[in-house]
Amino acid sequence: MQTPPTPSHWLHEAIARIEADYQRSADTHLIPLPLPAFTRAGIDLYLKDESTHPTGSLKHRLARSLFLYALCNGWVHEGSTIVEASSGSTAVSEAYFARLLGLPFVAIMPRSTSAEKIALIEFHGGRCHFVESAGEVYGAARAIAAETGGHYMDQFTYAERATDWRGNNNIAESMFTQMQRERHPVPRWIVVGAGTGGTSATIGRYVRYQRHATQVCVADPAGSVFSAYHRTGDATLTAAGSRIEGIGRPQVEPSFIRTLVDRMVEVPDVDSIAAMRALSQLLGRRTGPSTGTNFFAMLTLAGEMRERGERGSILSLLCDAGERYLPTYFDSEWVARCMGDCTAARQRVDAMLA
């Protein structure tokens with residue numbers, strides 16, 4: 001009987017490098033939002049600032065988990081080419097970890113991807129491979145992984161299973177630890193966006209495992225298929241796709257687990273942009289558009305709680321910094337051309353804050 005191969009020295013060293021990188025990174029901050037109208041009503045809002053990760057976004061956690069998952073499954077070896085279907089923050093973060101391990105990295109993306117995101121991926125040593133449309137990224141990623149003898153990370157399949165949802169320093173455990181000394185330590189709601197669905201799955205499982213009363217809300221941008229899938233359970237549904245970078249999908253992804261989501265809030269693009277701008281003024285720093293989507297959903301839930309006379313806390317994520325979006329979502333001409341007039345939406349957001 002043949003003896004199974006033992007893990008290599010390279011594998012042990014690769015895992016040690018990722019774990020050492022984690023130890024060098026402090027946990028991200030939990031920011032209370034100064035909203036007197038809600039505070040007086042007994043409702044507190046918080047954002048966990050994921051922009052402070054080494055690669056500047058929430059996706060740093062996902063990339064770390066995906067690499068550890070692939071390494072421990074024996075899918076990635078010394079010299080393996082890492083391939084991912086992503087034009088955004090996941091690709092930036094995976095490029096970082098690939099370089100940490102001395103592995104080549106290829107990001108598959110639509111040709112329309114912004115020059116800023118391409119530059120960030122290349123800064124971390126990644127190579128960009130372009131396809132004509134977003135729907136082509138999956139097949140191209142599988143093909144390039146096969147051609148190179150490499151590994152397709154496939155964030156949309158493995159995001160929900162690569163993280164230990166029971167704890168072990170995942171984002172949910174960190175949230176509840178940081179909330180322990182607040183006046184409402186167990187959040188009434190946790191609000192997240194969904195790109196892969198991995199974050200909502202991790203948080204949803206954790207709150208059930210810990211027997212918390214917290215409910216999970218997904219803020220879903222216009223054009224995303226997830227809200228319709230949540231209502232119907234029909235995994236064959238498709239949609240146009242989101243114009244809010246990083247969240248929303250044109251097809252149902254395997255990592256989005258609808259039974260772990262208690263509420264969907266559908267957010268029009270102009271409301272996401274208006275909320276992003278309002279939040280940026282409130283914090284004195286720019287936040288990204290997906291954070292604006294989250295913030296709009298938080299205000300929606302907080303308004304409903306106030307109308308019912310409920311007290312409690314609402315927690316969400318500051319997904320990434322707005323500096324990545326200066327030529328797009330923070331450019332008024334680009335927004336007017338690609339998203340529409342946000343004047344009425346900003347009035348709505350300001351009324352929600354009053």
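The model is predicted, so local features are described only at pLDDT of at least 70 and side-chain atom pairs only at pLDDT 80 or more, while totals for chains, interfaces and linings use all residues. Residues are numbered from 1 along each chain as its sequence is written, and side-chain values use heavy atoms, with hydrogens and water left out.

**Overall fold**

- The chain holds 14 helices and 10 strands, taken as DSSP runs numbered from the N terminus (helices are H or I with at least four residues, strands are E with at least two).
- Its radius of gyration is 20 Å, close to the 20 Å that the globule rule gives for 354 residues, so the chain is as compact as a globular protein of that length. The radius is taken over C-alpha atoms, and the rule is 2.2 Å times the number of residues to the power 0.38.
- Along the principal axes, the C-alpha trace spans about 70 × 45 × 40 Å.
- Of the 354 residues, 56% count as buried (buried is under 20% relative accessible area, exposed over 50%, partly exposed in between, with a 1.4 Å probe and protein chains only).
- Among contacts with a separation of 6 or more, 74% come from residues 24 or more positions apart; contact means heavy atoms within 4.5 Å.

**Helix α12**

- Helix α12 covers residues 289–308, and its end C-alpha atoms are 29 Å apart, which agrees with the 28 Å that its 20 residues should span at 1.5 Å a residue. The expected span is 1.5 Å times one less than the number of residues.
- Most of α12 is covered, with 16 of its 20 residues buried.
- Glycine 309 follows α12 and has a positive phi, near 75°.

**Rings and charges**

- There are 12 aromatic pairs in the structure (rings of Phe, Tyr and Trp, the last by its six-membered ring, with centres within 6.5 Å; planes under 30 degrees apart are stacked, over 60 edge-to-face, the rest tilted).
- Tryptophan 165 and tyrosine 209 form an edge-to-face pair, because their ring centres are 5.7 Å apart and their planes stand at 90°.
- This pair links distant parts of the chain, 44 residues apart: tryptophan 165 is in the loop between α7 (155–162) and α8 (171–178), and tyrosine 209 is in helix α9 (residues 198–209).
- Tryptophan 165 is partly exposed at 28% relative accessible area, and tyrosine 209 is partly exposed at 44%.
- The charged end of arginine 166 sits over the ring of tryptophan 165, 5.1 Å from its centre (NZ of Lys or CZ of Arg within 6 Å of the ring centre and within 35 degrees of the ring normal).
- Arginine 286 lies over the face of phenylalanine 330, 5.6 Å from the ring centre.
- Phe67, Tyr96 and Phe97 are linked into a cluster by ring pairs.

**Cysteines**

- The structure has zero disulfides, each defined as a pair of cysteine sulfur atoms within 2.5 Å.
- Cysteine 338 is in no disulfide, and its nearest cysteine sulfur, in cysteine 342, is 11 Å away, too far for a bond.
- Cysteine 338 is partly exposed at 25% relative accessible area, whereas cysteine 342 is buried at 6%.

**Serine 89**

- Serine 89 lies in helix α4 (residues 89–100) and counts as buried at 11% relative accessibility.
- Leaving aside residues up to four places away in sequence, serine 89 touches Ser57, Lys59, Lys117, Asp320 and Arg324.
- Leucine 58 is 31 residues from serine 89 in sequence and 8.1 Å from it in space, C-alpha to C-alpha.
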